Each structure stands twice: as C-alpha cells, then as structure tokens.
Amino acid sequence: MYHYDDFDQAFVDARVAQFRDQVDRRLAGDLTEEQFRPHRLMNGLYLQLHAYMLRVAIPYGTLDARQMRKLAEIARVYDRGYGHFTTRQNIQYNWPALKDTPDILAELASVEMHAIQTSGNCIRNVTADHFAGVAHDEIADPRPYAEILRQWSSLHPEFSFLPRKFKIAVNGATHDRAVIQAHDIGLQVVRNEGGEIGFAVYVGGGLGRTPFVGRKVRAFLPERDLLGYVEAILRVYNLEGRRDNKYKARIKILMHEKTLETLKGEIEAEFEARDRALLDLPPEEVARVAAFFAPPALELKKPVSDRVERRRDKDARFASFLAANVTPHKAPGHVVVTVSLKPIGAPPGDCSADQMDAVADLAEDYSHGEIRVSHEQNLILPHVALGDLPAVYDRLASVGLATPNAGQISDIIACPGLDYCALATARSIPVAERIAQKFGDGAKARAIGPLKVKISGCINACGHHHVGHIGILGLERAGEETYQITLGGSGDENAAIGQIVGPGFSYENVVEAVETIVETYMGLRADASETFLDAFRRVGLAPFKEALYERSAGSDI
Amino acid sequence: MPDIITANRLADGVVVFQTAESTWSEDFNDAEVLPDAAATKAASARAAEDAARNLVVDVYAVAVETRNGHVVPKALREAIRAAGPTVRRDLGKQAQGLGPRSAPIAVGDA
C-alpha cells in the first residue's frame, strides 16, 4: 500500500499544526464560529445531533493493521469506544470534543492518515473497489490511479471552493463494486484493442434529491490523460455549475440542464486547451505509485484445503460463512474474506475498538497486514490463505464478527439517520436492525439469495437507497417518520435508479412492507437462481404494487 | 407553545440546555420552560450573548409539551437529541439519567 514520502508527511503535519492553532484561537474567542466553521469542516469536523463528529479519510478504503489499531486507540481514548464505517469507505467518530481534535489529528498523522477532504465543496476522498488488487475479474488495480488523483486533488487551490462537493470513484474490474455511475466522475479501467490501459469516463452520476446515473463521456481515455481530462471536467463544472441553489449545484444538474452532448463538447474543448507539460501523466510516475500496491508475495497453494472441507462438512454456520463471506483470490489457494459489520440487530457499520484491534491482529497474522473498508460498510481481509480460514473464522466469531450474511438481505447499508445526524428526517439504523432481525443470517436469508437493501434517513441519500434493489428513504410527514420504498435500483455496471413503488409506510409497518416485497419475489421468481433484481427487471413494479397496496391493508399514509 | 433553549457547548460539543438562572446544564430536566413567544425571545437573546462569548454554539429554541406529566420535546429529532441514540441506550444523556423523564422512544417490534 501507499506510504507517505517526506513531502506527504510534512504536508499532513503542517495541516495538523494549522488546525491546532485554529482550534486554540476559537477556544480563546479570537475566531467566531462563522470564521471557524470552514476550517473545522475542511478538517472533517462536523457538529451533529449530539456532539461533534469527526470523519476520517480512508483513501480508496485501504488501510493496514497499524492504522486500524490507531483507529481503535482513538475510539477508546477520545471517543466512546467505537467508530462507524461509512458508505464512502471512511470512518466517523460520533462523540469527539473540539478541544481534543488537534491531538486526534496528530495521532492520525503519526500513521499517515488525516481528515482532509471529508467535508466541504472540494474533491472528496477518492473511493475504489474494495477488492482492488485481489479480484479475479480485474483489468488493473484502480488504487494507483485513485492515489494519483488524491495527491493531485489534495487542497487543490482551484478546486477547493467548487459549487458543491465532488466525488470521484475508480473501478478496475469488469464488475463494478465501486458504484462509479453514482459519482460526479466515475472512472472504469479498460483496455483498448492495442492492450493499453485507459478509462471509460462517466460524468454526472449522483444520488440525493435528484438522482442520475452517470453518462459516458469517453469510452477510452488514455492513462496519460487522466489528470488533464479530470481537470477539464472540473474546470467546466467550477465555471458553470450553479452557485445560486445548493440543491441544483452538482455537476449532474449541469449535465441535465446543458445536455450530455453540450457538456461533453465543453469538456473536450477545455481538455484540448490544457497545459500538456504540466498534466500529462508520465508512465514512470504511474509505475512508481503502482509499485506501492504490488501484491504481497503469496505462496502458491492448493485450491482445495482438506482442513476447510472437513470443517465445512461438520459446521453448518462455517459453511454459510464460506458461501457468503469468502471470495476467490486471484492467487490460487487464497481467498478474500468479507468481515460483516452487520451482526443481526446491531447498527450497520459500527465497530468497537476491541473489534478493530481484533481485525488488525487478524490482518497481521493472516492477511499480510492489509485491511479494506467497503462502501457497503464491511471490512475485508484481502489476502487469506485458504487453509487458514477455520482459524480466521473462529477468531472473528470470538469477537462477534463472523456473521455469515455478506451480500444477503441482512447485509444492509444504512446511513446514521436521525439517531445521529443533524440533517436526517427519520431513523434508518433501527429500520435496518428490524429488517435484519426479521430475515436473519440463516436458511431464510440464504433462500432469498443476493439482495441489497439500502436505507437513507433523508433525501441526501448517504445510504444509497436509489441504487438498492430495495431502497428505503426515511422522511418526516406531519411529525411522523414515513418510509418511501423504491425497487429495482442497482449500483453495479448495469446501474439503475430504483422506482418508487407507491405511497410510503410508517415506522411500524415498513418492515412488514419489505417482508411482503420479499414474499412476492419468492412467489414469482422463475427458480432459485433468478435473483431479486433479475426478477424485478422481468416483471416490473406491478406485482409488488398489487401485493403492497391491493391485497394487504395497504399503505398507512 | 412552550419552548426551551438548547445549544452545544463549544469546547466539547455536549448538548446543553438553558436554565432559569441563565446558566447551561447538561440535564434536559434543568431546562427553563418558556411559556410564550416573548419569554422565548428574551431567553434566546441571553443565549445569543453566551454564543458571542464563545461558551456555546448553535443556539435554538425547541418546542416542548407535557406528556404524562413530564416535559418532553415535541419533535422526534429533538427528543432523540435530548436523550441519545435510540439504538444505543448506553450512550448520550439517557445513559447518565439526564434525558427527558418520559418513556424511551420505541425502537420497534422486533
């Protein structure tokens, strides 16, 4: 993984010193809240419903054991013993004190971490496929490009005051696990006919109040043009994006208002006018950065382990874990382990300090020190030898992290919602907990098959509900929480925005509505191999509408 | 409609409530209940002075009502803010006995 050079370290250390001075001046009364707010936000410090909240960047979701232990230590010393992994591969602490944040940032800097670009109208933390570097279907590791974009965009003076925040995601495999089409810029690594690496470029995706799937503006952008082209997109957006209305300020609205062809023409013109000497990406620089992400030397092993097979035969829960949470690694005899942060009945994405330490220990003992964070709010041990699985499983189970539900109905994405967030209009975590309790992580969930439920507690859509196979949006109506359900959304290479099924449901009835949807799917699927999404694409909304609103008592709104 | 005045303490972000003595308390039950708009206006002005003195931030008035003999925030958002996360009863004011005295907000049927 990437390691700071002297410049990076000096840059982050200087930033900590600046923020320490700013906090001192604020506490001494030399800065007003109005003056101070932009500084704290640029360091990831929000004021939320109960307290301050610190959002720490985990660039493209990659971290090592040492960094995870530091996150645990911060949770224990400065917070309430836990952290919350987010849908942007970051971690949030929900209870830090302002006076402690310079010390927290100094602790983070000591392990090459920071909270820059986790807030504000800048280019946010760049996200990537959480299986980067290990996936079978990978064209190239997306992280070197994400890291290059991170270095280029960090405190970029031209792009620190954009009309609105700006999110970039990079995917390097044929299957999109990074939801790139829901980002302001989505970069899909591709190869051209000559075998050269480049990018298919998507622009104008985004969720929130007005969801759009990104549109392709380039089928093949050569690698060397990465920064030049991204800069051209940002220049057009910075100049023309609306600043009069924050709800219409994202590039997706600009694209919608100008049309794809017009915006594309402007981007291309800006790209032609670029400073080639400054922005063309030298292959040797790509190679230098890529070297940091070289896979560990994995000993070649047999693709079948007797130890694993014996355990599978006698332990049904271990067998479930193998089926749901273990993915083949591109190196034979190795696997990728998804550590579910979705124990049944607990807040999705929450992880205690002790659990963080346990994952750090496991990473060191069994995964070459590496850990990933997924946008689905789970952790990944990317390089586990197949034969070590029983030991890894047992240790995960001992700290409550062996829930065998990855990709299933109880592996729910949920934003913090009204339990923590100052912007939320309804709770999302307890809805996720109740759905997970209803379906569990056993035979019932397995019979349903792959099903992505995503829940947001307000229209800003941090819970990605628009791209959930079943999406749930919590709103407030006449003082009551109400939940709007969308069906058929998808965040992969066949991205789609879910369709609203009908009037919303109360907090009490929303879980029952999900149950009705699932039962309807089970009743109409061609066979067990037809997933919920496939079945929905075949039959559309009608059978679900009928089941929800005609056969049953219907919506209570 | 009666109000109380709330804010976050600057240095640590803890949710606080304005008392009848114009001090700030971490205990919701110490909040001065302001019976009418004139009282809310006067209390808000005092609170704004404390914000200007950098004691608190994000000062605002919260509508309250009496339920089963207890003063509680009317809106769910404010009830959660005054008590703590409904999904973590061990955190926030509810964990310290500083939340509203009414029954906790229901989490669900599960």
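Figure 1. In chain B, residues 24 or more positions apart account for 52% of the contacts with a separation of 6 or more; a contact means heavy atoms within 4.5 Å. This is a predicted model, in which local features need pLDDT of at least 70 and side-chain atom pairs count only at pLDDT 80 or more, while totals for chains, interfaces and linings use all residues. Residues are numbered from 1 along each chain as its sequence is written, chains are lettered from A and ligands numbered from 1 in the order in which they are written, and side-chain values use heavy atoms, with hydrogens and water left out. Chain B holds 3 helices and 5 strands, where helices (H or I, at least four residues) and strands (E, at least two) are DSSP runs numbered from the N terminus. Along the sequence, these elements follow the pattern β-β-β-α-β-β-α-α. The C-alpha trace of chain B spans about 45 × 30 × 20 Å along its principal axes.

Figure 2. Of the 110 residues in chain B, 45% are buried; buried means under 20% relative accessible area, exposed over 50%, and partly exposed in between (1.4 Å probe, protein chains only). The accessible surface of chain B comes to about 5,100 Å², and 54% of it belongs to carbon and sulfur atoms. Such areas come from the Shrake-Rupley method with a 1.4 Å probe, and for residues only the protein chains shown count as cover. Chain B carries 12 positive and 15 negative side chains, with the centres of the two sets 3 Å apart. Lys and Arg count as positive and Asp and Glu as negative, without His or the chain ends; each charge is placed at NZ of Lys, CZ of Arg, CG of Asp or CD of Glu.

**Figure 3. Helix α2 of chain B and its residue Leu76(B).** Leu76(B) is found in helix α2(B), which covers residues 76-83. Leaving out residues up to four places away in sequence, Leu76(B) touches Leu418(A), Arg427(A) and Glu481(A) of chain A, and Ile105(B) of chain B. Leu76(B) and Ile105(B) are 29 residues apart along the chain, and their C-alpha atoms are separated by 8.6 Å. Because 6 of its 8 residues are buried, α2(B) is largely enclosed by the rest of the structure. The buried residues are Glu78(B), Ala79(B), Ile80(B), Arg81(B), Ala82(B) and Ala83(B). They pack against β1 (3-9), β2 (15-18), β4 (56-67), β5 (70-73) and α3 (93-96) of chain B. Gly84(B), with a positive phi near 125 degrees, follows the helix.

**Figure 4. Overall build of chain A.** Chain A has 19 helices and 21 strands. The C-alpha trace of chain A spans about 60 × 60 × 55 Å along its principal axes. Buried residues make up 63% of the 557 in chain A. Among contacts in chain A between residues at least 6 apart in sequence, 68% join residues at least 24 apart. Chain A exposes about 20,200 Å², of which carbon and sulfur atoms supply 51%. Its 64 positive and 75 negative side chains have centres 3 Å apart.

**Figure 5. Nonpolar cores.** A nonpolar core is a set of buried Ala, Val, Leu, Ile, Met, Phe, Trp, Tyr and Cys residues joined through side-chain atoms within 4.5 Å. The largest such core has 109 residues, and those with the most contacts inside it are Met68(A), Leu71(A), Leu149(A), Phe166(A), Val201(A) and Leu381(A). Helix α6(A) gives the most to this core, with 9 residues. Another core, of 34 residues, lies apart from it and includes Ile409(A), Ile448(A), Val511(A) and Ala513(A). Beyond residues up to four places away in sequence, the neighbours that Leu381(A) touches include Val335(A), Val359(A), Leu362(A), Glu370(A) and Val392(A).

**Figure 6. Helix α7 of chain A.** In α7(A), residues 251-258, the buried residues are Ile251(A), Lys252(A), Ile253(A), Leu254(A) and Met255(A). Their cover includes β9 (197-203), β10 (215-222), α6 (226-240) and α8 (260-272) of chain A. Thr259(A), with a positive phi near 80 degrees, follows α7(A).

**Figure 7. Thr516(A).** Thr516(A) is in helix α17 (residues 510-524) of chain A. Thr516(A) has a relative accessible area of 18% and is therefore buried. Apart from residues up to four places away in sequence, Thr516(A) touches Ala547(A) and Leu548(A).
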